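Work through the exercises below with the sequence and the 3D view at hand. Try each task before you read its solution.

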Amino acid sequence: MAVVGAQEFAEVRRHHLAALAYEVEARGLLWRLAGPEESVLTVLGPRTRRRAMVVATPAGDGWSYLWTGGGIADVGEVAAVADRLARLLG
């Protein structure tokens, strides 16, 4: 992969993770981007202190979120993913 391609890839991944961060924060969860090029979203339930690690990865013709415990969903379902994480970590 060319350097420009790698940079664009990282930007798309960060965009998807930032969209999810916005949604989980709206549900009262805490979050932090971590890892190389902010490639992992850590989500924390403030009351329970439970954590989930979320990545965004290419899947077929689009992108998917994958998270701790076997969760997987299309990035187009960002609000539903945030709801699932809120239930998981709540």
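The exercises below cover strands, a core, an aromatic pair and salt bridges.

This is a predicted model, where local features need pLDDT of at least 70, side-chain atom pairs count only at pLDDT 80 or more, and totals for chains, interfaces and linings use all residues. Residues are numbered from 1 along each chain as its sequence is written, and side-chain values use heavy atoms, with hydrogens and water left out.

**Exercise 1. Describe strand E2 and its partners.**

Task: Work out how many residues of E2 are buried, which way they point, and how E2 pairs with E1 and with E3.

Solution. 
- Step 1. Two strands pair if DSSP finds at least two bridges between them. Strand E1 (residues 30-34) pairs with E2 in the antiparallel sense over 5 bridges. Val40 in E2 is the bridge partner of Ala34.
- Step 2. The hairpin of E1 and E2 has 5 residues between the strands. In its turn, Gly35 has a positive phi of about 85 degrees.
- Step 3. On to strand E3 (residues 51-59), which pairs with E2 in the antiparallel sense over 4 bridges. Val43 stands opposite Ala52 in E3.
- Step 4. The hairpin of E2 and E3 has 6 residues between the strands, and Arg49 takes a positive phi near 65 degrees.

**Exercise 2. Take the largest nonpolar core apart.**

Task: Which residues of the core touch the most other members, and which element supplies the largest share?

Solution. 
- Step 1. A nonpolar core is a set of buried Ala, Val, Leu, Ile, Met, Phe, Trp, Tyr and Cys residues joined through side-chain atoms within 4.5 Å.
- Step 2. The largest core has 20 residues, of which Leu20, Val43, Val54, Tyr65 and Leu85 touch the most other members.
- Step 3. At least two residues of this core come from each of H1, E2, E3, strand E4 (62-67) and helix H2 (78-89). H2 gives the largest share, 5 residues.
- Step 4. Now look at Leu85. Not counting residues up to four places away in sequence, its contacts include Leu20, Val43, Val54 and Trp67.

**Exercise 3. Classify the aromatic pair.**

Task: What is the geometry of the rings of Phe9 and Trp63?

Solution. 
- Step 1. Rings of Phe, Tyr and Trp (its six-membered ring) pair if their centres lie within 6.5 Å; planes under 30 degrees apart count as stacked, over 60 as edge-to-face and the rest as tilted.
- Step 2. The structure holds 1 aromatic pair. The ring centres of Phe9 and Trp63 are 5.1 Å apart and the planes are at 40 degrees, so the pair is tilted.
- Step 3. Phe9 sits in helix H1 and Trp63 in strand E4, 54 residues apart, so the pair links distant parts of the chain.
- Step 4. Phe9 is partly exposed at 26% relative accessibility, whereas Trp63 is buried at 14%.

**Exercise 4. Trace the salt bridges.**

Task: How many salt bridges are there, and which residues do they join into one network?

Solution. 
- Step 1. A salt bridge is a side-chain nitrogen of Lys or Arg within 4 Å of a carboxyl oxygen of Asp or Glu. The whole structure has 3 salt bridges.
- Step 2. Arg13 bridges to Glu37, with the closest N and O atoms 3.8 Å apart. Arg13 is buried at 14%, and Glu37 is partly exposed at 48%.
- Step 3. Glu23 and Arg27 meet in a salt bridge at 2.7 Å, N to O.
- Step 4. Arg27 also forms a salt bridge with Asp83, the closest N and O atoms being 2.5 Å apart. Shared partners join Glu23, Arg27 and Asp83 into one network.

Definitions and conventions
Buried < 20%, exposed > 50% of the residue type's maximum accessible area, 1.4 Å probe, protein only. Contact = heavy atoms within 4.5 Å.
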